[in-house]
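Q: Please take a close look at a single part of this model, setting out where it sits and what surrounds it, and then connect it to other local features of the chain.

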Amino acid sequence: INSGEASQHYSFPARDLINRTRIIGSRIDRGAFESPQDDLNGFIVSTTADNGNNSSPTPGSLRAAIRAGNAAGTPYKVSFALSDCPLVININTALPDISGDVTIDGRTQNGWSPNSSYGAFDANLCLVLNGSGANVPWAFHVPSSASNAHLTVKGMVLTGFTDAAIKLEGGHDHHVLGNQIGAIAFTAASDKGVYVGGNASGSYIGGFDDPSAVNLIAGTNTAGIYLENAAGGSVVANNVIGFQPDGVSAAGNGIGIYLFNSPANYISYNYIGNSDNAGVQLSGASSQLNTLQDNVIGVNAQGLPAGNATAGVALSFGARQNTIGAPLTGGYGTNIIVSNGGPGVWVTPSGGAGNRVLSGYFDANNGLSIDLDAAGPSANPTSPGSSGPNLRQAYPVLTHAIRSTNPTAVSIYGTLSASLANTLYRIDFYRDNDCGRHGRGVDGNAIGRINVSTSGNGVAAFEATFA
């Protein structure tokens with residue numbers, strides 16, 4: 001009991017054999033069952049009053065709880081036992097920075113109930129922390145100096161903070177689960193929802209296989225989720241970004257998810273829509289080896305348009321070697337990228353090399369499904385590129401197709417030229433009912449793929465047959 005891993009990684013089930021939530025206590029129980037035994041020391045918040053004094057906080061307040069948690073020296077849980085639901089705690093000065101192993105669990109307040117599905121947010125959250133836009137930078141902050149800090153925030157509503165509702169700059173293995181950040185009527189917007197930067201590593205925002213872990217992040221000025229940590233390695237999964245709790249009405253962020261010089265993050269199963277800019281933007285040469293799979297970008301859970309104002313996904317300022325969709329040798333991981341105001345995926349003129357966009361589903365974007373370099377169709381180069389976005393890789397040219405009826409199939413023929421010599425390339429094929437205004441297709445389903453090897457002249461003729 002309480003002797004396994006300190007965090008529940010995405011490859012493990014979120015519930016035990018009899019459907020109890022993991023983790024209860026400081027660590028996962030080793031076995032098929034999660035005991036209700038909670039070994040965490042703790043503090044019960046009993047008042048919404050807050051005197052704004054971190055040295056001598058109001059007894060029984062959230063401010064006093066965080067101060068006690070930092071001093072505990074052991075894993076520490078902040079619970080709530082307040083009289084009503086919902087309740088507002090107005091924060092007029094910053095709460096103490098988190099320097100210990102602290103869990104702030106809004107789910108403990110009587111009246112809380114979990115979110116029950118994906119793509120919308122029907123949780124009943126009782127506790128609202130309101131910065132009121134009164135120059136309070138954040139609700140919860142882990143400073144870069146807190147190298148051993150571990151913060152978990154569950155079941156809270158956060159709004160009105162001038163920097164980020166949750167700002168993680170130090171420590172490791174942070175968890176943000178089942179919260180609503182923004183989209184609160186008659187409150188000020190936060191500048192950012194969740195920010196991960198500085199020395200922080202290994203954060204989990206959302207979760208897998210458990211709808212109660214879904215976060216709703218909406219209405220922020222700069223970005224719903226902003227990853228800027230050099231260590232990278234965050235998981236952002238199953239969040240509803242840019243929507244009201246119904247999952248249909250718009251509550252857009254500046255950018256849905258923004259990665260700036262942050263590597264090796266995993267972005268999966270999120271609904272991202274209504275952004276004032278791109279749905280997801282990767283920027284900076286250190287934004288590399290990131291994976292975006294199984295996201296729904298520009299459409300809501302009911303299949304209605306919820307386009308982001310520019311590209312569904314944009315890569316800029318040297319972002320490189322990222323995977324958007326399937327891995328190189330697979331066909332899974334399709335992102336649905338629909339109804340955006342620009343291209344589906346855009347490797348902009350400042351983008352880096354080696355970005356793979358594979359096996360996506362594209363529909364009704366105001367631009368090419370996959371756009372390289374300047375917006376709109378670009379002419380094929382006459383020789384292999386040595387610089388620029390994806391080295392300005394040439395696109396394959398289809399020459400003709402032959403349809404057979406017994407059995408029903410189509411054979412497609414074409415040529416890839418102006419590419420690197422003696423190099424293996426993967427070519428994805430898509431089917432669409434409309435060539436689009438550019439004559440190149442703007443919609444379509446991926447129907448298959450082949451690998452081809454170029455000659456010494458950087459040319460490969462190919463043939464592919466699909467039933």
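This is a predicted model: local features need pLDDT of at least 70, side-chain atom pairs count only at pLDDT 80 or more; totals for chains, interfaces and linings use all residues.

A: Helices and strands are taken here as DSSP runs, a helix having at least four residues and a strand at least two, and they are numbered from the N terminus. Asn-229 counts as buried because its relative accessibility is 0%, and buried means under 20%. Its side chain makes a polar contact of 2.9 Å with the side chain of Ser-262, and the side chain of Asn-229 also reaches the backbone oxygen of Ala-200, at 3.0 Å. Once neighbours within four places in sequence are set aside, the residues in contact with Asn-229 are Val-196, Gly-197, Gly-198, Ala-200, Ser-201, Ser-234, Asn-261, Ser-262 and Pro-263. Val-196, one of these contacts, belongs to strand 12 (192-196), and the loop between strand 11 (180-181) and strand 12 holds Phe-186.

Phe-186 has a positive phi, about 65 degrees, although it is not a glycine. Most residues other than glycine have a negative phi. Phe-186 counts as exposed because its relative accessibility is 90%, exposed meaning over 50%. Arg-392, in the loop between strand 30 (370-372) and strand 31, likewise is not a glycine and has a positive phi, of about 50 degrees; Arg-392 is described as partly exposed because its relative accessible area is 34%.

Elsewhere in the chain, the loop between strand 2 (76-80) and strand 3 (87-90) contains Pro-86, and the peptide bond that joins Cys-85 to Pro-86 is cis, with omega about 5 degrees. A cis peptide bond also joins Asn-406 and Pro-407, where omega is about 0 degrees, and Pro-407 lies in the loop between strand 31 (397-405) and strand 32 (408-416).

Cys-85 also takes part in a disulfide with Cys-126, the two sulfur atoms being 2.0 Å apart, and the structure holds 1 disulfide. The pair links distant parts of the chain, 41 residues apart, with Cys-126 placed in the loop between strand 4 (101-105) and strand 5 (127-130). The link of Cys-85 and Cys-126 is left-handed, with -85 degrees about the S-S bond. Cys-85 is partly exposed, given its relative accessible area of 31%, whereas Cys-126 counts as buried because its relative accessibility is 0%.

Leaving aside neighbours within four places in sequence, Phe-140 is in contact with residues including Leu-62, Ile-66, Leu-95, Ile-104, Leu-129, Leu-151, Val-153 and Leu-158. Leu-62 and Ile-66 are among the buried residues of helix 1, together with Arg-63, Ala-64, Ala-65 and Gly-69. Following helix 1 comes Gly-73, whose phi is positive, near 80 degrees.

Note on methods: Residues are numbered from 1 along each chain as its sequence is written. Side-chain values use heavy atoms; hydrogens and water are left out. Buried means under 20% relative accessible area, exposed over 50%, partly exposed in between (1.4 Å probe, protein chains only). A polar contact is a pair of N or O atoms within 3.5 Å; within protein, one must be able to donate a hydrogen and the other to accept it, and residues adjacent in sequence count only if both atoms are side-chain atoms. Contact means heavy atoms within 4.5 Å. A disulfide is a pair of cysteine sulfur atoms within 2.5 Å.
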